[in-house]
Amino acid sequence: MIFREVEDRDLVLRAQKGEVDAFNVLVSRWERRVFNYLLRILREREDAQDVAQEVFLKAFQSLRRLESPAKFASWLFRIAHNEAYSLLRKAKPESEFTFDPAGGDTLRRLYPAETALAVEAAMARLSREQREAVVLKVYQGFKFEEMAEVLGEPVSTVKSRLYAALDFLKDVLAPVEEVSRRRGLAAGGMKHDPETGGTV
Amino acid sequence: MSCPEVKELLFGELKEPERSALMAHVSGCEACTIEYERLQATTAALGLVADQEPPVRIRFVSDRVFEQRWWQRVLGGGAIWANAGLALATCLAVAVLIWFQTSRTATPGPPVLSAAEVQKIIDARVGQAVAVAVAENDRRHDSEMKTMLASYERDRAKQQQQLIQQIAAAWQLDDQIKTRALYAAIEKQPSVGQ
């Protein structure tokens, strides 16, 4: 991760000096992540593709204004965030977030492919802000500070959105009775060790 | 009731000694351990939805889509006023030249061109026409290719989605049958202590 960061910074510096090939490498390196981020926010492949193209065009045009090349990733996703929300504002507003704990029953006996469908359905029930927080943290692996830069919000707000989303998702995807049942099936009296992921 | 801090353990951003202290607490607290396991199961489930490949690669800077227009090149680079001054000076020079040419009393006759010069002009015009035709052909080709690829990708995504739904429906039916049989078998067994 550190090496990757150094390489990106070097490429940004070279691209800022006018080396087109350096920017092309940045495009090929980041296009998949930006596309998937947009796909999970916009939920339409064609929209995600069009906006991703726009994101890299804007990034190229304003690259000289990026003062800290080490922050290229959060800067690029900030552009992607703005472009995505610009499109969403033009579209029909989303329905309000509703909480439905009964949905938790659906995941108990699902195979991976079904779980993936259930995850997509659960994600669709989050508010836009909560969904974006999950995408940036779980799927894109940004740190809280970086998420705050992408979203233009304080870290406390970012955490609040993410944790609210996780509370909802865990009720749907990992209902408490299911976890308790599995613990009951495990060897009696054994306790889970969060550090090792095993039992002690 | 679990502690709200349990979520802080999930993403590895908690610093020592807070992390160790919280870890020790979670290990010894039933409610927090269940909460932590549920959160881990949740993030694991989220991880089952894999990234997708972009349908078409992003166009590179060297592609035409990134080419700047003439006014962007003139205004770009941060030297707007220097460039504007240069443009103004050029306009003035051209205006003076036109005024000088039109104010001449003697009108020069038509220029006499050699055969080589005529050929050069013809070559230049032919080259220009060919370049325009090639550019138009490239543009049409790009457009057709993009439309074809988009149509192909749409069809493929639709087929994949239908297939996944069919598989999911089949699995769910099969799983329900198996689960019912399992529950029926469990209910028939005598419980501990009976």
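**A helix pair in chain A**

In chain A, the axes of helix 2 (residues 20-42) and helix 6 (residues 128-139) come within 9 Å and cross at roughly 150 degrees. Axes are lines fitted to C-alpha atoms over the stretch in contact, with angles from 0 to 180 degrees between N-to-C directions. Helix 2 of chain A is therefore roughly antiparallel (angle over 145 degrees) to helix 6 of chain A.

The residues in contact (C-beta atoms, placed from the backbone, within 7 Å) are Asn36(A), Tyr37(A), Arg40(A) and Ile41(A) from helix 2 of chain A, and Arg131(A), Glu132(A), Val135(A) and Tyr139(A) from helix 6 of chain A. By class, this contact has four nonpolar, one polar and three charged residues. Ala, Val, Leu, Ile, Met, Phe, Trp, Tyr, Cys and Pro count as nonpolar, Asp, Glu, Lys and Arg as charged, and the others, Gly among them, as polar.

**Basis of the model**

The model is predicted: local features need pLDDT of at least 70, side-chain atom pairs count only at pLDDT 80 or more, and totals for chains, interfaces and linings use all residues. Residues are numbered from 1 along each chain as its sequence is written, while chains are lettered from A and ligands numbered from 1 in the order in which they are written.

**Chain A overall**

Chain A has nine helices and two strands, which are DSSP runs (H or I, at least four residues; E, at least two) numbered from the N terminus. Their order along the sequence is α-α-α-α-α-α-α-α-α-β-β.

**Contact between the chains**

Chain B contributes 42 residues to the contact and chain A contributes 44 residues. On the chain B side, helix 2 of chain B gives the most, with 11 residues.

Definitions and conventions. Two residues are in contact if their C-beta atoms, placed from the backbone, lie within 7 Å. Angles under 35 degrees count as roughly parallel, over 145 as roughly antiparallel, 65 to 115 as roughly perpendicular and the rest as oblique.
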